[in-house]
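Here is a short report on one protein chain. Look at the structure first, then read on.

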Amino acid sequence: QYLCGKLFSEMWSEDGEGFPVPMGCYFSPRYRDAADPGGNGLSNTNNFFRELTIVFDQKNGLRANTKYMVVLNAKNPTSINTAAG
C-alpha cells in the first residue's frame, strides 16, 4: 500500500462505503510509443509511458455502475509550450 500512497494522492467514489482499500499498486516498465506507419508523420517515437495497476482483494473490489476517481501524482519531464502562435 506504500506505493499506492506515492502514486495516487486521492482516491474516492460515489459508493457510500468509499473507495475500496487496495491490496497494492504497481507500475510497468517504461514503454515507448511505436511509430504509426500509416499516420500523418506527426507521431513522436520519443513518447514514453507506464501502465499503472491497482490490485484489490477478491471481496473488496470495484462495484458495477459506480463512479471511481483517482488523482495521480505525476511529473512531466518536458516543458509544454502553451503559447498560441
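A residue is called buried under 20% relative accessible area, exposed over 50%, and partly exposed in between (1.4 Å probe, protein chains only). This is a predicted model, where local features need pLDDT of at least 70, side-chain atom pairs count only at pLDDT 80 or more, and totals for chains, interfaces and linings use all residues. Residues are numbered from 1 along each chain as its sequence is written, and side-chain values use heavy atoms, without hydrogens and water.

The protein chain has 1 helix and 6 strands. Helices (H or I, at least four residues) and strands (E, at least two) are DSSP runs, numbered from the N terminus. The order along the sequence is α-β-β-β-β-β-β. Of the 85 residues, 14% count as buried.

Now for the salt bridges. A salt bridge puts a side-chain nitrogen of Lys or Arg within 4 Å of a carboxyl oxygen of Asp or Glu. The whole structure holds 2 of them.

| Salt bridge | N to O distance |
|---|---|
| D15 and R63 | 3.3 Å |
| E17 and R63 | 3.2 Å |

E17 lies in the loop between β1 and β2, and R63 in the loop between β5 and β6, so this pair links distant parts of the chain, 46 residues apart. Together, D15, E17 and R63 form a network of salt bridges.

How exposed is each partner? D15 is buried, at 16% relative accessible area. R63 is partly exposed, at 43%. E17 is exposed, with 64% relative accessibility.
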